[in-house]
Amino acid sequence: MPYCDVGTQQATADAHLNNGIKIFYRTYGQGPTKVLLIIGLAGTHDSWGPQIKGMTGTTMPNEDETGTSDWSSCRDDNESGGGIEVCAFDNRGMGRSSVPTRKSDYTTKIMAKDAIALLDHLGWKKAHVFGHSMGAMIACKLAAMVPDRVLSLALLNVTGGGFQCFPKFDRQTFSIAYRFLKAKTPEQRAAVDLDTHYSKEYLEEYVGTDKRRTILYQQYVKGISATGMQSSYGFEGQVNACWTHKMTRTEIDLIRSAGFLISVIHGRYDIIAQIYYARRLAERLHPVARMVDLHGGHLVSHERTEEVNQALFDLIKASEVKMSPHDWTNFPKSNPLWTEKRELYFRSTREEAQNQLELKLPPYILMLNNPFFFNLQVVIDNKILDERSQRKSECGLLDEACLCGHVCSVGVL
């Protein structure tokens, strides 16, 4: 079985901390174009099946000597590069990879180092890096840590971590969250995964005489039974990685200035990773990022396979021809005043926020009355506006607010 021994690949001061950590991976296809796929929370490498098939023409791993690849089904887009080789792997805490028992051994930075060690193990100097959900958070960290090794970056159903990982607060999502935490069998987990991963419309469609929900349920039970339920150590550790994830201004600037193009791909009906936060991340990555908004849920890569695969091929192609970021992005050109004021976000104390308001901005204050955003409001010249409608219609500038209950962010409408 193909494994990467993380400790032996890292020439860093903390490499000894990863001794014994092994990452299970598979490679597919052949060619000079290299693609690293990073899956999300509680997912395994084969969750990338539709994208592996689309990019390489096969789901048979290279390590299986009896397998044959249907190269004729690969996209003609690859002809200039001569083919694509893909690597997908199980993150620590899931599948056949090692499962550390301490939550502190799971952060997106640590897991990005796992991915970098895998690149070293494969001998890949550079690669296109595509991540889904938690995997997209890991991909962001990797891109900030070794930007010179990234050819392009695709972020599917991504958020900024922390409170942004909270689903929408309604009866449906609370029910799903409760069922997810209570799921102890493959059958229970499969049932809740369907509601988490796909839009209701997609699940209710008929495929022949059966609803897609029925077909997918059987596939999920079979898959979960084969890989086994994720251990509590792995689940809690990966949740910790999502909760503690944050991209700093310095990291965002490193990615923006690295020279590679970015696609932020999202299902607009995702109840786990809300599209608002993905769009905001894409805006922060202007001008090198493009937003791809699709009709789908959290696992939009399965629900809208053709569209997602086309978006990934477009990204690879644009990178190969060295397309200009201003030709790539679908966001409006940056406004210098907008950019300057945006840098005043995420203030940690009331005093600092008030100082910035006095020095730089009109008296617009983002007030956080509840750490879970039940009563988040925007106060403008003593007029209280409903945050949800105001944010959607006018305020593309409001950025993260911390959970401390302070007046901790400022914005300009």
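Visitor: At what angle do helix H2 (residues 49-56) and helix H13 (residues 305-320) pack, and how far apart are their axes?

Guide: Two packed helices are described by the angle between their axes and the distance between the axes. In this predicted model, H2 and H13 pack at an angle of about 50°, with their axes 10 Å apart. Helices here are DSSP runs (H or I, at least four residues), numbered from the N terminus, while axes are lines fitted to C-alpha atoms over the stretch in contact, with angles from 0 to 180 degrees between N-to-C directions.

Visitor: Which word describes how H2 and H13 lie to each other?

Guide: Angles under 35 degrees count as roughly parallel, over 145 as roughly antiparallel, 65 to 115 as roughly perpendicular and the rest as oblique. H2 and H13 are therefore oblique to each other.

Visitor: Which residues make the contact between H2 and H13?

Guide: Contact means heavy atoms within 4.5 Å. From H2 come Pro50, Gln51, Gly54 and Met55, and from H13 come Thr305, Val308, Asn309, Leu312, Phe313 and Ile316.

Visitor: What are the angle and the axis distance for helix H6 (residues 186-197) and helix H8 (residues 212-227)?

Guide: H6 and H8 pack at about 125°, and their axes are 9 Å apart. That angle makes H6 oblique to H8. Among the residues in this contact are Arg189 and Leu194 of H6, together with Tyr217 and Ile224 of H8.

Visitor: Where does Asn240 lie, and why does Asn240 count as buried or exposed?

Guide: Buried means under 20% relative accessible area, exposed over 50%, and partly exposed in between (1.4 Å probe, protein chains only). Asn240 lies in helix H9, and Asn240 counts as buried because its relative accessibility is 18%. Leaving aside residues up to four places away in sequence, Asn240 touches Lys103 and Tyr106.

Visitor: Which other residues of H9 are buried, and what covers the buried residues of H9?

Guide: Besides Asn240, the buried residues of H9 are Gly234, Gly237, Gln238, Ala241 and Cys242, and their cover includes helix H3 (108-122) and helix H4 (134-145).

Visitor: How many helices and strands does the protein chain have?

Guide: The protein chain has 17 helices and 14 strands, a strand being a DSSP run (E) of at least two residues. Buried residues make up 52% of its 413 residues.

Visitor: What should be kept in mind about numbering and values?

Guide: Residues are numbered from 1 along each chain as its sequence is written, and side-chain values use heavy atoms, leaving out hydrogens and water. Local features need pLDDT of at least 70 and side-chain atom pairs count only at pLDDT 80 or more, whereas totals for chains, interfaces and linings use all residues.
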